[in-house]
Amino acid sequence: MLYHAYELQRSWMNSVSSIASISSSVMANPANPFAKMGMMSMTANALDVFAHATADYGKPAFGITEVDVDGTVWPVIEATVVNRPFGDLKRFRLDGVEDDRPKMLIVAPMSGHYATLLRGTVERMLQKFEVYITDWADAKTVPMHEGHFDLDTYIDYLTEFLEYIEAVKPGQKTNRRPHMLAVCQPSVPAFATTALMNQHKSPAAPATLTMMGGPIDTRESPTSVNDHAMKRPIEWFRNSVIATVPMKYRGAGRKVYPGFMQLSAFMSMNLQSHMMSHYEMFKHLTAGDDDSANATKDFYDEYRAVCDMTAEFYLQTVEEVFQKHSIPNGTFEHKGEVVDLTQITDTALLAIEGERDDISGIGQTKAALKLATGLSEKKKRYYMAEGAGHYGIFNGSRWRTKVAPVVEEFVAAHS
């Protein structure tokens with residue numbers, strides 16, 4: 001009944017949001033003779049903020065049409081090159097630029113948000129790379145006959161995507177292997193995929209793997225997210241946060257961890273901060289600073305656009321990553337095969353952490369470098385982004401000016 005109750009609430013809130021939006025537009029309309037009188041303008045701004053806070057958000061578009069590279073603006077071509085039930089592989093390349101640039105696979109989190117959350121990551125990487133990104137599907141849109149999706153399937157998808165990228169060589173002068181960059185949660189399956197491909201001597205094994213704010217070993221500097229996952233048995237999660245997709249969706253009957261529940265959890269972690277952001281938005285609107293107000297709106301348009309993940313993937317991640325610590329303990333398996341991290345001998349590893357990351361604590365990603373004991377120290381690097389929170393390591397000015405150059409330098413050194 002959980003999902004059905006949410007749908008009822010969402011329908012009601014959509015109506016309320018629409019009424020607030022229309023009322024705000026009428027009150028602020030220049031044709032309204034009372035628009036600038038008394039409390040009319042302030043009320044219109046308050047309704048605008050309320051309408052935005054209660055609106056329903058669908059999947060956003062990447063919308064990357066051009067990129068500035070060293071002062072030259074290049075058009076960007078976006079295409080879906082591999083289509084799979086639970087996620088597609090998208091490619092971004094510069095129109096008119098030779099396809100001889102290094103290829104970078106960005107692995108987006110499957111954690112309640114769409115891959116468009118990494119729009120800024122893609123834009124910055126396009127300056128040096130032909131960029132591919134995993135575009136994960138909303139689980140409630142995947143019909144039951146398409147089967148299940150868990151960590152094993154996730155690793156299979158990454159392997160297939162890397163093999164596809166390695167095989168694409170139009171106009172390529174040298175046979176260069178792809179590079180992989182994993183943001184947050186996918187650091188675990190990306191790390192496991194890299195180990196397996198090294199173990200099997202795959203020619204498509206990534207030349208470099210960059211892990212950013214990933215929960216490789218959550219015993220290091222545990223955060224409130226880690227504590228929440230470790231304090232309760234797996235059955236609590238199975239009985240408390242798993243819901244069934246309603247009949248109105250294509251994935252009707254599928255067991256999922258709903259995106260709206262994850263969003264509620266993240267919002268509650270920093271509720272005061274989110275409330276202050278909306279209050280600041282109201283003040284910007286009142287002061288006529290539309291640019292600042294729109295910047296806040298753009299962030300929340302993306303942040304509140306959420307999707308569901310399959311129950312089996314979510315529960316397996318909680319159990320293996322946060323409770324059993326299977327990766328650092330050396331017991332993580334892929335379809336019955338133990339993932340031997342010591343077999344990583346040919347893929348250079350870069351671990352990036354944010355000094356103020358409140359989701360993946362300091363040391364959790366760096367742990368990957370210690371676990372890859374078979375890799376030369378020359379192929380390992382650690383970087384801590386000073387002053388950066390979780391989102392700051394892959395989005396915003398710190399990412400563009402501080403973190404991205406480190407990634408580019410590391411990739412260039414190990415291409």
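Guide: Happy to! Let's start at His-325, which sits in the loop between H11 and helix H12 (326–329). Keep in mind as we go that this is a predicted model.

Visitor: What is the phi of His-325 like, positive or negative?

Guide: Positive, at about 55 degrees, although His-325 is not a glycine.

Visitor: And is His-325 buried or exposed?

Guide: Buried, because its relative accessibility is 9% and the cut-off for buried is under 20%.

Visitor: Which other residue has a positive phi without being a glycine?

Guide: Lys-201 is one, with phi near 55 degrees. Lys-201 lies in the loop between helix H5 (187–199) and S7. With a relative accessibility of 63%, Lys-201 counts as exposed.

Visitor: Back to H11 for a moment. How many of its residues are buried?

Guide: In H11, 10 of the 13 residues are buried, so the helix is largely enclosed by the rest of the structure. Among the buried ones are Phe-313, Tyr-314, Leu-315 and Phe-322. Gln-316, Thr-317 and Glu-320 are buried too.

Visitor: Which helix has an axis that comes within 10 Å of the axis of H11?

Guide: Helix H6 (residues 224–231) does, and its axis crosses that of H11 (residues 311–323) at roughly 110 degrees. That makes H6 roughly perpendicular to H11.

Visitor: Which residues make the contact?

Guide: From H6 there are Asn-226, Ala-229 and Met-230, and from H11 there are Val-318, Phe-322 and Gln-323. Of the residues in this contact, four are nonpolar, two are polar and none is charged.

Visitor: Okay, new topic: charges. How many salt bridges are there?

Guide: The count comes to 13 salt bridges. As background, side chains of opposite charge can pair when their charged atoms come close.

Visitor: What does Arg-381 pair with?

Guide: Its side chain meets that of Glu-409 in a salt bridge, at 3.6 Å from N to O. Arg-381 is in strand S14 (residues 380–385) and Glu-409 is in helix H14 (residues 397–413), 28 residues apart, so this pair links distant parts of the chain. Arg-381 is partly exposed, with a relative accessible area of 28%.

Visitor: Which residues are linked in a network of salt bridges?

Guide: Arg-177, Asp-346 and Lys-379 are linked that way.

Visitor: Let's go back to strand S3. What about Phe-92, is it buried or exposed?

Guide: Phe-92, which is found in strand S3, counts as buried, with a relative accessibility of 0%. Leaving aside residues up to four places away in sequence, Phe-92 touches residues including Phe-62, Ile-64, Val-76 and Ile-133. Glu-78, from the salt bridge with Lys-90, is also among the residues that Phe-92 touches.

Visitor: How far apart are Phe-92 and Leu-126?

Guide: They are 34 residues apart in sequence, and 7.5 Å apart in space from C-alpha to C-alpha.

Visitor: Last one: what is the mean pLDDT of the chain?

Guide: The mean is 85, and 77% of the residues reach 70 or more. Where pLDDT is low, the predicted coordinates should not be read in detail.

Conventions:
Residues are numbered from 1 along each chain as its sequence is written. This is a predicted model: local features need pLDDT of at least 70, side-chain atom pairs count only at pLDDT 80 or more; totals for chains, interfaces and linings use all residues. Side-chain values use heavy atoms; hydrogens and water are left out. Axes are lines fitted to C-alpha atoms, for helices over the stretch in contact, and angles run from 0 to 180 degrees between N-to-C directions. Helices (H or I, at least four residues) and strands (E, at least two) are DSSP runs, numbered from the N terminus. Angles under 35 degrees count as roughly parallel, over 145 as roughly antiparallel, 65 to 115 as roughly perpendicular and the rest as oblique. Contact means heavy atoms within 4.5 Å. Ala, Val, Leu, Ile, Met, Phe, Trp, Tyr, Cys and Pro count as nonpolar, Asp, Glu, Lys and Arg as charged, and the others, Gly among them, as polar. pLDDT is the predictor's confidence in each residue, from 0 to 100. A salt bridge is a side-chain nitrogen of Lys or Arg within 4 Å of a carboxyl oxygen of Asp or Glu. Buried means under 20% relative accessible area, exposed over 50%, partly exposed in between (1.4 Å probe, protein chains only).
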